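Subject: Handover of a structure and notes on its contents

Dear colleague,

Please find below the structure that I am handing over to you. My notes on it follow directly after.

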Amino acid sequence: MGLKGREIVERAGVDVDTLIQVLNQAYCDEWLAYYQYWVGAKVATGPYAHALIPELEEHAQEELDHANKLAKRIIELGGTPILSPEEWMKESTCGYLTPSNPDAMELLGQNIQGERCAIEVYNRILERLRGRDPVTAHIIREILEDEIEHEDDLENFKLSEKQKGPSKKSM
Ligand code: FE
Ligand code: FE
Ligand code: MG
């Protein structure tokens, strides 16, 4: 923990323990989002799977990067990232949508839902901070930008693949 780093956040009027709790909830969301994309990329089937898998894999890595950024900030503020995967489901806001139907278009719909939830979560954190903790706000804004891009990517994929129709597996 950086004592001075935490002090300036407290002095700005932020309840740091509550902030750590909120960051930890988002941290749980990120691990679940990571796994949902990661395992989705493994099991995806159907005519759109071939085209969708690289996008799922890319997003999985980006969700893991979000977890990494949140863990680093939680520790800087004097907190501890959630230590047990058992807690992920309990603490998560966006939860986990089990890819029990591996059809790529079905996975796509579930992931779009997850991204929309993530956008709300990060937007709420920024509203709560109201510029009082620029370091956390910067991290959250970067993550929010990624989530907005994720939703946009997936929606564009859905539109373009539907227009093109199922593609033949190539290369
Ligand atoms: Fe994320
Ligand atoms: Fe995302
Ligand atoms: Mg993308």
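Along the chain, the donors of the iron ion (ligand 1) follow the spacing E-x32-E-x2-H-x80-E. In this predicted model, that iron ion (ligand 1) is coordinated by Glu 30 through two OE entries, by Glu 63 (OE), by His 66 (ND1) and by Glu 147 (OE), at 2.0 to 2.4 Å. The site links distant parts of the chain, since Glu 30 belongs to helix α2 and His 66 to helix α3 (residues 49–76), 36 residues apart. Glu 30 counts as buried because its relative accessibility is 3%, under the cut-off of 20%. His 66, at 0% relative accessibility, counts as buried too.

How far apart are the iron ion (ligand 1) and the iron ion (ligand 2), and which residue coordinates both? The two ions are 3.8 Å apart, and Glu 63 coordinates both.

As to the chain that holds these sites, the secondary structure comes to six helices and zero strands. Read from the N terminus on, the elements run α-α-α-α-α-α. The C-alpha trace spans about 60 × 30 × 25 Å along its principal axes. Of the 171 residues, 41% count as buried. Among contacts between residues at least 6 apart in sequence, 80% join residues at least 24 apart. The chain exposes about 9400 Å², of which carbon and sulfur atoms supply 53%. Its side chains include 19 positive and 32 negative ones, and the centres of the two sets lie 2 Å apart.

I also looked at the aromatic residues. A search of the whole structure finds four aromatic pairs. One of them is formed by Tyr 35 and Trp 38: the ring centres are 5.8 Å apart and the planes stand at 25°, so the pair is stacked, the cut-off for stacking being under 30 degrees. Tyr 35 and Trp 38 are three residues apart in helix α2 (residues 16–43), and are therefore separated by about one helical turn. Are these two residues buried, exposed or partly exposed? Tyr 35 is partly exposed, with a relative accessible area of 40%, and Trp 38 counts as partly exposed at 34%. Elsewhere, ring pairs link Trp 31, Tyr 34 and Trp 88 into a cluster.

One further residue may be noted. Glu 120 is found in helix α5 (residues 104–129). With a relative accessible area of 48%, Glu 120 is partly exposed. The C-alpha atoms of Glu 120 and Gln 25 are separated by 13 Å, while the two residues are 95 residues apart along the chain.

With kind regards

Conventions: Residues numbered from 1 in each chain as written. Chains lettered and ligands numbered in written order. Predicted model: local features only at pLDDT ≥ 70, side-chain atom pairs only at ≥ 80, totals over all residues. Heavy atoms only, no water. Phe/Tyr/Trp six-rings, centres within 6.5 Å; stacked < 30°, edge-to-face > 60°. Helix = DSSP H or I, 4+ residues; strand = E, 2+ residues; numbered from the N terminus. Buried < 20%, exposed > 50% of the residue type's maximum accessible area, 1.4 Å probe, protein only. Contact = heavy atoms within 4.5 Å. Areas by Shrake-Rupley, 256 points an atom, 1.4 Å probe, with all protein chains shown as cover. Lys, Arg positive; Asp, Glu negative; His and termini not counted. Charge placed at Lys NZ, Arg CZ, Asp CG, Glu CD. Donors = N, O, S within 2.8 Å, 3.2 Å for Na, K, Ca; no water.
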